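Please look at the sequence and the structure first.

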Amino acid sequence: QVQLMESGGGQVQPGGSLRLSCVSTERTFSGYYMGWFRQAPGKEREFVSTLFWMSDRPHYADAVKGRFTISSDRAKNTVYLQLDNLKAEDTAVYYCAVSQRPWAEGGRRRADEYAYWGQGTQVTVSS
């Protein structure tokens, strides 16, 4: 059974940084998309960033572009999300996910395109 485990969440002040990690217990990233989504209280889950395993070309939601950076360590089956210059509106539970869909221009940005999900990690930005 595929398992994804996120870590690295926490509480920071506006302008602060966090680094989220997502590790797979299996080689599930190979040939697939790894994505990050987030869900704030009372809101729908929204796309944050995605990266195709065979490519270093990332995709970002407009709300986080220039502040968040997705990266991967293939040897460790781990994907990271660096969160910089955090804002209060970034407060949410962050989820990593894996999509088995093939490569697509613009990446995979819909939650229903992702088959495997982690349990989520809380990010709180507050002064």
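**What the words rest on**

Q: Why is the pair of cysteine 22 and cysteine 96 called a disulfide?
A: The sulfur atoms of cysteine 22 and cysteine 96 are 2.0 Å apart, and because a disulfide is a pair of cysteine sulfur atoms within 2.5 Å, the pair meets the rule. In general, a disulfide is a covalent bond between the sulfur atoms of two cysteines.

Q: What makes the disulfide of cysteine 22 and cysteine 96 right-handed or left-handed?
A: The torsion about the S-S bond is about 50°, so this disulfide is right-handed. The pair links distant parts of the chain, with cysteine 22 in strand β3 and cysteine 96 in strand β9, 74 residues apart; strands here are DSSP runs of E with at least two residues, helices are runs of H or I with at least four, and both are numbered from the N terminus.

Q: What kind of model do these values come from, and how are residues numbered?
A: This is a predicted model, in which local features need pLDDT of at least 70 and side-chain atom pairs count only at pLDDT 80 or more, while totals for chains, interfaces and linings use all residues. Residues are numbered from 1 along each chain as its sequence is written, and side-chain values use heavy atoms, with hydrogens and water left out.

Q: How do you know whether cysteine 22 and cysteine 96 are buried or exposed?
A: A residue is buried under 20% relative accessible area, exposed over 50% and partly exposed in between (1.4 Å probe, protein chains only). Cysteine 22 has 1% relative accessibility and cysteine 96 has 0%, so each counts as buried.

Q: Why are β7 and β8 said to pair?
A: Two strands pair if DSSP finds at least two bridges between them, and because strand β7 (residues 68–73) and β8 have six bridges, they meet the rule, in the antiparallel sense.

Q: What does β8 have for a partner in strand β3 (residues 18–24), and over how many bridges?
A: β3 and β8 pair in the antiparallel sense over six bridges. Cysteine 22 stands opposite valine 79 in β8, and valine 23 stands opposite threonine 78 in β8.

Q: Why is β8 described as mostly covered?
A: Strand β8 (residues 78–83) has six residues, and five of them are buried.

Q: Which strands stand at the edges of the open sheet, and what makes them edges?
A: The open sheet has four strands in the order β1-β3-β8-β7, with antiparallel pairing. β1 (4–7) and β7 each have a single partner strand, so one side of each is left without a neighbour in the sheet. Neighbouring strands of this sheet are turned by 15° against each other on average, direction ignored; axes are lines fitted to C-alpha atoms (for helices over the stretch in contact), and angles run from 0 to 180 degrees between N-to-C directions.

Q: Why is the meeting of glutamate 46 and arginine 38 called a salt bridge?
A: A salt bridge is a side-chain nitrogen of Lys or Arg within 4 Å of a carboxyl oxygen of Asp or Glu, and because glutamate 46 and arginine 38 meet at 2.6 Å, N to O, the pair qualifies. By this rule the count comes to eight salt bridges. Arginine 38 is buried at 5%, whereas glutamate 46 is partly exposed at 37%.

Q: What do glutamate 105 and arginine 57 tie together?
A: Their side chains meet in a salt bridge of 3.4 Å, N to O. Glutamate 105 lies in the loop between β9 (92–99) and β10 (116–117) and arginine 57 in the loop between β5 (46–52) and β6 (58–60), so the pair ties together parts that are 48 residues apart in sequence. Glutamate 105 is exposed at 56%, and arginine 57 is partly exposed at 44%.

Q: What makes methionine 54 count as buried or exposed?
A: Methionine 54 has 59% relative accessibility, so the word is exposed. Methionine 54 lies in the loop between β5 and β6 and touches Gly31 and Arg74, not counting residues up to four places away in sequence, where contact means heavy atoms within 4.5 Å.
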